[in-house]
Amino acid sequence: MHRIDGRTKTFGLIGNPVEHTLSPYIHNMLAKSMDINMVYTPFHVEHGRLNDAIKAIRGLGIKGFNITVPYKSDVMAYLDCIDDKAQIIGAVNTVHVINGQLIGYNTDADGLYISCKRKGMTFNNKTICILGAGGAAKAVAIMCAQHNVDKIIIVNRTVDKATNIKTKLDDLYTLETKAISYDKLNQIDHIDICFQTTPLGMYPKTDRTPIRDQDFFHKLEYAIDLIYNPSETRFLTMAKACGAISLNGLGMLYYQAVKAFEIWHNVKIPDHILEECLVNLNKMIYCK
Ligand code: ATR
């Protein structure tokens, strides 16, 4: 980080809770590598105080901020303009303030896409399975549909929520979609890419997984878990044991931050800096 001085610009994250966020580490590291005089700090916003938080951001001339749980949808009501992708996903995780106008983006879907591409995945004509039907699942589904997959199967404990995402996809894109419960998994023959979007398996309850059936894991080419702590969830361990290529959620977290950074500072981060900072992030999280 630069020494804080009269020219330092402040960026930040609003959410509740924010105590365990890695975003300050990522943004301040990128700022140092790119020699940008800024500081990124978390802001814990109490329930019912989002309005005050946005007023403060406007009043203080803050140039950009991220939004995390539980405000990604609620924040949309306060923005002057929302980019198409964020509008479709129904969630904003990045706001850029230009001439007092608050412009909303969703960089989660892009972050996941970049992370998958770097793992060698392609999406064209693929069959996708998404476990879970919350906000993260919706961003994953839209990202896949926008990259020309053939088929998306959404599996959820509450089938109505999966059906809501299916309906949205059917309204906007031409592809085959299905919404099913976990007990219908045997209807699926082959899955190119399976995204695990539920919180099951996250530290400290690392023995949990939404699926334990070996038959299911044998159908997968790629298994992606949005969780990054632990680095290998039970879901990923089981998929790997059945021959799937696995990827955790750290890349998604990292590249959504990279995309936000590039929007705010109007820069393209060179590849060697991207790689170096990702190595540092990995070390910081997994080599304690
Ligand atoms: P996010 O916005 O991070 O995606 P969310 O909206 O709370 O979080 O969604 C969490 C998802 O994990 C939901 O699909 C939820 O299933 P339900 O819609 O049936 O609630 C799923 N999930 C959470 N706990 C689960 C459990 N024990 N078994 C199966 N699915 C679970």
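A residue is called buried when its relative accessible area is under 20%, exposed when it is over 50%, and partly exposed in between, with a 1.4 Å probe and protein chains only as cover. By that rule Asn106 is buried, because its relative accessible area is 3%. The structure is a predicted model, in which local features need pLDDT of at least 70 and side-chain atom pairs count only at pLDDT 80 or more, whereas totals for chains, interfaces and linings use all residues. Residues are numbered from 1 along each chain as its sequence is written, and side-chain values use heavy atoms, with hydrogens and water left out.

**The open sheet and strand β5**

- Helices (H or I, at least four residues) and strands (E, at least two) are DSSP runs numbered from the N terminus, and two strands pair if DSSP finds at least two bridges between them.
- Six strands make up an open sheet with mixed pairing, in the order β2-β1-β3-β5-β6-β4.
- Strands β2 and β4 (81-82) stand at the edges of this sheet, and each has a single partner strand, so one side of each is left without a neighbour in the sheet.
- Strand β5, which spans residues 94-98, is mostly covered, with four of its five residues buried.
- On one side, β5 runs antiparallel to strand β3 (residues 64-67), to which three bridges join it, and Thr94 of β5 stands opposite Asn66.
- With strand β6 (residues 101-105), β5 pairs in the antiparallel sense over five bridges; among the bridge partners in β6, Ile103 belongs to His96 and Leu102 belongs to Val97.
- Strands β5 and β6 form a hairpin with two residues between them, and Asn99 in its turn has a positive phi of about 50 degrees.
- In a regular strand the side chains alternate between the two faces of the sheet.

**The ligand and its surroundings**

- Residues count as near a molecule if one of their heavy atoms lies within 4 Å of it; 13 residues surround the ligand, and the closest are Ala133, Asn156, Arg157, Thr158 and Lys161.
- A polar contact is a pair of N or O atoms within 3.5 Å; within protein, one atom must be able to donate a hydrogen and the other to accept it, and residues adjacent in sequence count only if both atoms are side-chain atoms.
- A side-chain N or O atom of Thr158 lies 2.4 Å from an oxygen atom of the ligand, while for the side chain of Lys161 the distance from an N or O atom to a ligand oxygen atom is 2.8 Å, and a polar side-chain atom of Arg157 is 2.9 Å from an oxygen atom of the ligand.
- Taken alone, the ligand exposes 650 Å², of which the protein buries 67%; accessible areas come from the Shrake-Rupley method with a 1.4 Å probe, and for residues only the protein chains shown count as cover.

- Thr198 has its place in the loop between β10 (191-196) and α7 (214-217), and Thr198 counts as buried because its relative accessibility is 13%.
- The side chains of Thr198 and Gln196 are joined by a polar contact of 2.7 Å, and a polar side-chain atom of Thr198 also lies 3.2 Å from the backbone nitrogen of Leu200.

**Backbone geometry in the loops**

- Tyr203 and Pro204 are joined by a cis peptide bond with omega of about 5 degrees, and Pro204 is found in the loop between β10 and α7.
- A cis peptide bond also joins Asn229 and Pro230, with omega of about 10 degrees; Pro230 has its place in the loop between β11 (220-225) and α8 (234-241).
- Asp35, although not a glycine, has a positive phi of about 55 degrees; Asp35 is found in the loop between α1 (23-34) and β2 (38-44) and counts as exposed because its relative accessibility is 57%.
- Asn266 is likewise a residue other than glycine with a positive phi, near 50 degrees, in the loop between α9 (250-265) and α10 (271-286), and with a relative accessible area of 71% Asn266 is exposed.
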